[in-house]
Amino acid sequence: ASVAMQTYAQRAAKQTNPAARALLETIERKRTNLCVSVDVTKQADFLRIIDTVGPYICLVKTHVDVIEDFDSSVIDRLQELSAKHDFLIFEDRKFADIGNTVALQYSSGVYKIASWSHITNAHPVPGPSIISGLSSVGVPLGRGLLLLAEMSTKGSLATGSYTEEAVRMARANRDFVIGFIAQHRMDGVGLREDESSPDEDFLVLTPGVGLDAKGDAMGQQYRTPREVVLESGCDVIIVGRGVYGKDNAADPDAVRVQAERYRAEGWKAYQERVGI
Ligand code: 5IU
């Protein structure tokens with residue numbers, strides 16, 4: 001069966017990258033393909049939201065550089081919550097520089113991302129050297145990388161041959177590149193006529209997911225979990241404001257209700273896709 005028709009458990013068993021395998025196993029164990037994106041500026045709000053949504057997620061997506069009262073204790077607490085609730089961590093860093101620089105940004109500085117984030121991501125715009133730089137840090141730690149093959153925003157330039165080249169770069173670096181941030185499945189994308197279709201399983205994690213809004217005032221565009229998982233074959237739905245609201249003071253009960261709702265919608269769409 002095509003990868004899109006296989007269960008998360010079947011796919012987990014074939015993964016060689018530790019982060020990819022752990023993510024698929026977590027999805028199967030907790031029966032959730034929901035990743036919550038927590039873009040808030042106070043560490044207390046950040047940790048409270050994650051503690052609330054923890055039971056319903058496979059993965060938390062962070063932008064640690066927006067936390068204004070950041071200190072290293074935030075990472076200690078985040079790791080405690082990851083163990084308590086059994087989810088992985090994805091720092092949405094969107095690296096985009098030369099290999100030498102991204103290796104430093106990934107390993108060092110204030111955030112030391114590689115030391116705590118199971119998964120991170122990069123723009124393919126610099127070419128394959130960005131993967132070499134990041135993999136020199138990430139592979140020894142068992143980390144995984146997602147390439148940004150497409151974006152959810154209106155007018156995105158990541159389309160067509162750019163997306164195809166991103167998939168080709170991923171295919172050449174399977175030890176570290178576990179998949180994509182994209183809006184569709186990428187199986188077989190970018191193959192030339194003389195290339196046979198490889199037996200490949202890339203994870204597709206998809207932001208721009210909302211049930212109540214079509215977008216925001218800054219170019220974001222939303223599709224439903226059903227459109228993303230069932231119709232477009234994506235594997236993980238990434239939801240931010242749909243879960244924690246526009247006002248990050250939202251009460252935990254409201255946040256919990258939304259997390260349960262997106263988890264249920266995402267899982268139902270997956271079950272329908274694979275026919276279970
Ligand atoms: N994000 C997108 N679209 C993209 C990429 C990343 O929305 O194409 I690449 C990020 C931005 C934000 C989260 O951190 O995903 C979506 O948040 P909302 O669900 O609040 O729109």
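This report describes the surroundings of the ligand and of several annotated residues in a predicted model.

**The ligand shell**

Of the 17 residues around the ligand, Met151, Ser152, Pro207, Gly240 and Arg241 come nearest. Sorted by class, the shell is made up of six nonpolar, eight polar and three charged residues. Strand β8 (236-239) and helix α9 (241-244) each supply at least two residues of this shell, and Gly240 lies in the loop between β8 and α9. In an unreviewed UniProt entry, the annotation "binding site" lists Asp39, Lys61, Ser152, Gln220, Gly240 and Arg241.

When residues up to four places away in sequence are not counted, Asp39 touches His63, Val66 and Gly240. Gly240, with its neighbours within four places in sequence likewise set aside, is in contact with Ser37 and Asp39.

**The residues annotated as "active site"**

The UniProt annotation "active site", also from an unreviewed entry, covers Asp92, Lys94 and Asp97. Asp92 lies in strand β3 (residues 88-95), whereas Asp97 is found in the loop between β3 and α5 (99-107).

**Burial**

| Residue | Other C-beta atoms within 10 Å | Class |
|---|---|---|
| Ala13 | 11 within 10 Å | exposed |
| Asp39 | 16 within 10 Å | partly exposed |
| Asp92 | 21 within 10 Å | buried |
| Asp97 | 17 within 10 Å | partly exposed |
| Gly240 | 20 within 10 Å | buried |

Gly240 counts as buried because 20 other C-beta atoms lie within 10 Å, and the class requires 20 or more. Ala13 is exposed because 11 other C-beta atoms lie within 10 Å, where the limit for this class is 12 or fewer.

**Ala13**

Ala13 has its place in helix α1 (residues 8-14). Between Ala13 and Gly275 there is a separation of 262 residues in sequence and, C-alpha to C-alpha, of 19 Å in space.

Methods
Residues are numbered from 1 along each chain as its sequence is written. This is a predicted model: local features need pLDDT of at least 70, side-chain atom pairs count only at pLDDT 80 or more; totals for chains, interfaces and linings use all residues. Helices (H or I, at least four residues) and strands (E, at least two) are DSSP runs, numbered from the N terminus. A residue is near a molecule or strand if its C-beta atom, placed from the backbone, lies within 6 Å of it. Ala, Val, Leu, Ile, Met, Phe, Trp, Tyr, Cys and Pro count as nonpolar, Asp, Glu, Lys and Arg as charged, and the others, Gly among them, as polar. UniProt positions are given in the numbering used here, feature names are shortened, and annotations may be inferred rather than shown by experiment. Two residues are in contact if their C-beta atoms, placed from the backbone, lie within 7 Å.
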